[in-house]
Structures are given as structure tokens and as C-alpha cells.
Amino acid sequence: MDEHPPYWEVHDSLGATVSIDSVLFESLTKRWKNRKFVNLHHHRVHLRDGNKYVTDWDSQAATLEPVTTEHSYENRVQASTAIVNFKEVDPKKWDLYEHSKIHEFYHQRSILGQGGATHVQAEQRLDYFNATLGSAKQVRMYILVFKDKPIDAAMDQEAFWKGGHKNELVTCVGVSPDYEVKWAYVFSWSKTEDLKIEARDFLAQQTKLDLAAYVEWLGPEVQAKFVRFNWHTFDYLTVEPPGWVIALAFFLTIAVNIGLSIWTVMNQYDNEIMLNNRPSILCKKCRERIFTDELHECVGSNRYNFSSFRRFS
């Protein structure tokens, strides 16, 4: 009889499956207030029955559970300087942000830094917009807060992220220690420049940072205007290997050739030849003439038994 331990998983609206634990499953069933029993009828083939319980989102915006999954793509722009040559920056200079990691199964931070009094509310709404617009508009929105830093930090952040991933719309905002808005800067590979300018101006007009108000404005604007840049536009780019890779390949080739040459000299083998229908060993004279076909019958050919190839010491 097969024993299968219990397991829990989430299926998102795009069909992705993520493994979770029982604690999160129970939390979701309480939030959505539904739990359905599904009889798998395993008792027909197993002595012990096995079934499952399912809970579904109740379609309420307030109870939506955003799910973030990673996807890979070929970023030729990042490896080429033919389009945009982003400068090298020191991330420690302005404490620049790394992309937030997926944690707790499928969660990812959308607001990096401290966003003031409305931070929590704003992040919940931004997660909602990322979840509901992410697939339809192919967009991922971030807000980065820089406290007591110049706008140069935002410029370096764009260079550090190499313009961001192909679907990202990144809002950078600079604030004073008491969250007075000092500057705003928005970057994205999207060519919807009017959206970037309007987003920048919306924040710049705030006296005190109100991220909740900004997010409520941003969501509908992204839905109406954002167009993800067609990454296939860069298919013509060829990625040239850096100089150190070419130099390494050159020296490795030389080293391999030298090694093979040494091995060949140190491991010379001669074929067994047949003289008078019996195995014979080449004498020194024959070995010297092996490439001239001037062989004579070696004396003492029965001194050794050997296989097809034998090393001469």
C-alpha cells in the first residue's frame, strides 16, 4: 500500500503552481470563508482513502492574494553597449536597492525603503494593481524611496538596474527626514513617456509624501496608458564576449595543445605486426624505420605475449 504524505499548494490565475504549507492554507480558508471537500475516490485502488480540500478566492478586492513568480528572458541590452551604455556605479554610495527577493512562498516587496505614514496601505494597493494588471498589461510596478539623498541617487539606481527588467515601471522619490517630497524620477523601458512625466509631476506636487494617494492615481493610469516595450526589437544585437573571456580561451587553447603534445611524446605506442604468422615485437632498428616501410624480421619475436598495443619503455 502506497503512503503519500499531505501537501499544500496554490494555483494562481495564470496557471502557476506554488507549494505552500498548512499554516498558509488555513489562513486563506479563513480569509475567503470557504472550504470544499473533494472526494478523489482513491478507495477504489487503495485500501486507505485519500481526498483533498479546496478553498477559492471570493473575488473581493480586499481579500485578493497576490502571487509573484519568476520568469527568465534573454536580456541582450544588458550585455551590449550598442543601445545604452549604462555607467558603472557604486551601489554603496547612495545605498542603492537590489531587486527584492521572493519570500514566504510567493510574496515580493513592491515598495523599497520607508514610505511614511501611508506606506502599508500603499503597498497593499500596489500589490493589488500588480496582481490585477500584471498579466493584462505585462507590467510590474515598484516604488523606491530615497531619504535625504539627491536625485543623482535615482539616476544611479537606473544605471545599477540597467534600466530595469523589460516589464518594470519604477518610481523613485526623494524625501527629507520628515517626508517632505524633494524630487521624483520615473524610469522604464516602456516608451509611454507621457505616463512617466505625469507620474513624476504627481509626486512633485505633493508637499508631504502620500504614497497611498499616488498608488490610487497610478493604477488606473497604468491600465490606460502603459505599453510594455517590445523586447524583440533588440533581436539583431549580438553580444560580444568581454576581453578577459577571449584571453582566457586563447591561453586555455595553448595549454591544451601543449598538454596533448607532451602526452603524445611520453606515450608512444606501436602496433603489433605479424611476421611469419606469429606476433613479433619491433626491435630498435624497426622502430627507427617505422615511417619508411623498411622493416626487417626481428629476432627473438617469441619473447613476449602482448595485446594489440604495447608501450615501449
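Colleague: Which residues of α4 are buried?
Modeller: Keep in mind that this is a predicted model. Buried here means under 20% relative accessible area. In α4, the residues that count as buried are Leu195, Lys196, Ala199 and Leu203.

Colleague: What arc do they cover around the axis of α4?
Modeller: Take those buried residues, Leu195, Lys196, Ala199 and Leu203. They sit on the same side of α4, because the arc they cover around the axis is only 100°.

Colleague: And what do the buried residues of α4 pack against?
Modeller: Contact needs heavy atoms within 4.5 Å. Going by that, the partners of the buried α4 residues are β7 (168-175), β8 (181-188) and α5.

Colleague: How far apart are the end C-alpha atoms of α4?
Modeller: Helix α4 runs over residues 193-204, so its 12 residues at 1.5 Å each should span 16 Å. The model agrees with that, with the end C-alpha atoms 17 Å apart.

Colleague: Now α5. Is α2 roughly parallel or roughly perpendicular to α5?
Modeller: Helix α2 (residues 119-137) and helix α5 (residues 211-225) have their axes 9 Å apart and pack at about 10°. Angles under 35 degrees count as roughly parallel. That makes the answer for α2 and α5 roughly parallel.

Colleague: How many nonpolar residues are in the contact of α2 with α5?
Modeller: On the α2 side you'll find, among them, Leu126, Phe129 and Leu133, and the α5 side has residues including Leu211, Val215 and Val222. The contact also takes in 3 polar and 3 charged residues. The nonpolar ones number 9.

Colleague: What share of the protein's residues is buried?
Modeller: The protein has 7 helices and 12 strands. Of its 313 residues, the buried share is 33%.

Definitions and conventions: Residues numbered from 1 in each chain as written. Predicted model: local features only at pLDDT ≥ 70, side-chain atom pairs only at ≥ 80, totals over all residues. Heavy atoms only, no water. Axes fitted to C-alpha atoms, helices over the stretch in contact; angles between N-to-C directions. Helix = DSSP H or I, 4+ residues; strand = E, 2+ residues; numbered from the N terminus. Parallel < 35°, antiparallel > 145°, perpendicular 65-115°, else oblique. Nonpolar A, V, L, I, M, F, W, Y, C, P; charged D, E, K, R; others polar. Expected span 1.5 Å × (residues − 1). Buried < 20%, exposed > 50% of the residue type's maximum accessible area, 1.4 Å probe, protein only. Arc of directions from axis to C-beta.
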